[in-house]
Amino acid sequence: MIYLDNAATTRMYKECMDVYEKYACELYYNPSALYSQSMIGGEALKQARLNLAKKLSVNPQEIYFTASGSEGDNMAFISSIKQKKGKILISSVEHAAVYNMACHMKEQGFDLDFVDVDAYGRVILADFRAKMTKDVIFCSIMHVCNETGAINPIRELCQIAKEINPRCIFHSDGVQAFGKIPVNLKNLGVDVYTISSHKIHGPKGVGAIYIKESVHPKTFIYGGGQENNIRSATENVPGIAAFSKAIDMKIPSVLDEMQGAKEKQKYIMDYISKFDDCIINTNIENSSPYIVSFSLKNVRGEGVVHTLEAKDIIIGTGSACSAKKGLKRIPQALNLDPAYHNGMLRISFDTFDSYQDIDTALDELAKAIIIERNLQK
């Protein structure tokens, strides 16, 4: 199989599986128990927390492990917002976990506004400044757009927000950034940041959230008091330990791998740019090097995906968390002509993907587009 949907999920490192098995089948003790063996799991959690904190340049006590990036995004709202009313500001292309949570908060009586983005999914600074008013209490702007790969200037956006309202909580969804581009939270200045394990070859069902100590987060899950009484639940030691292993394997090589990825990205873009009636939604000058998004006129992206699937080639129609719902929110936010809405596709690759596999996938993609267009006549 040729797998080019790595923005949705990645293949787990074999080394992570070994770590997972160790703590799931051998050292499987409950880390919150009173017997001495529980200290083994407790130490694994401690080291994983220290490891992630070091990679993000923050304090270990500001790291909380979660079950997913989506949970972390929800937790960002619930644990950070203490007011009963106020304005929430997010970008128009946020991941469904942020978008739907923000809409839920609106139903609870909060005001909600959306920051416009350009044709590549990057926040428009002038629009952000105009909408970032003194009554904005919570702001969420993704670090890297999961649909197009656009990188947002989080440090600058955070500074603007704090200048206008120093008490505003600034959250960034970093799921597509961590492990793909350099991430230093101390430099970014954010209050809250979410990441996910399975995007960097760790196991599914594990994530983490950074919450700055000064935020004083509220309890998200009540129970036995785990995760400093913020997120109670028996800790997923196997998953967290395996996540930590993925961090060790992925993060130190981020800069080296970016160069090779950028070359593959350009290679793919050059090929796709030759397609008729095709708009490339990714700006190669300012994007994650692992994503290429494009839209085809009068083509069903779903049909192309299934045609390629029959050839053992996997690409995406967009975010795996929203693709099944057929949402038009993202193409509308990118201001795409309606004739291109159904034809939005995403190729997201990784270091495992060879040029030979990419060539095969692109050649079959060209054929699939012809097939789909003939079906539409």
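**Entry 1: α9 and α12**

I began with α9 and α12, whose axes come within 11 Å and cross at roughly 25 degrees; axes here are lines fitted to C-alpha atoms, for helices over the stretch in contact, and angles run from 0 to 180 degrees between N-to-C directions. The model is predicted, so local features need pLDDT of at least 70 and side-chain atom pairs count only at pLDDT 80 or more, while totals for chains, interfaces and linings use all residues. Residues are numbered from 1 along each chain as its sequence is written, and side-chain values use heavy atoms, with hydrogens and water left out.

I noted α9 and α12 as roughly parallel to each other (angles under 35 degrees; over 145 counts as roughly antiparallel). On the α9 side I listed G260, E263, K264, Y267, I268, Y271 and I272, which meet Y355, I358, D359, L362, D363 and A366 in α12; contact means heavy atoms within 4.5 Å. The residues of this contact divide into 8 nonpolar, 1 polar and 4 charged.

**Entry 2: α12 by itself**

I then followed α12 (residues 355-376), which has 22 residues and reaches 31 Å from its first C-alpha to its last, close to the 32 Å expected at 1.5 Å a residue; the expected span is 1.5 Å times one less than the number of residues. Its buried residues are I358, A361, L362, E364, L365, A368, I369 and E372 (buried means under 20% relative accessible area, with a 1.4 Å probe and protein chains only). These buried residues pack against several elements, including α9 (254-272), β10 (291-296) and β12 (344-348).

**Entry 3: α1 and α8**

I looked next at α1 (residues 14-26) and α8 (residues 237-250), which pack at an angle of about 155 degrees with their axes 8 Å apart, and α1 and α8 are therefore roughly antiparallel to each other. From α1 the contact is made by E15, C16, V19, Y20, Y23 and A24, and from α8 by residues including V237, P238, A241 and K245. I counted the residues of this contact as the record of classes gives them: 11 nonpolar, 1 polar and 2 charged.

I found α2 (residues 38-56) to have 19 residues and to reach 27 Å from its first C-alpha to its last. Among its buried residues are L45, R49, N51 and L52, and what covers the buried residues of α2 includes α1 and α8. Just after α2, S57 takes a positive phi of about 65 degrees.

Lastly I checked D5, which is found in the loop between β1 and α1 and counts as buried at 11% relative accessibility. D5 touches I314, I315, G316, R346 and S348, not counting residues up to four places away in sequence.

Methods: Helix = DSSP H or I, 4+ residues; strand = E, 2+ residues; numbered from the N terminus. Parallel < 35°, antiparallel > 145°, perpendicular 65-115°, else oblique. Nonpolar A, V, L, I, M, F, W, Y, C, P; charged D, E, K, R; others polar. Buried < 20%, exposed > 50% of the residue type's maximum accessible area, 1.4 Å probe, protein only.
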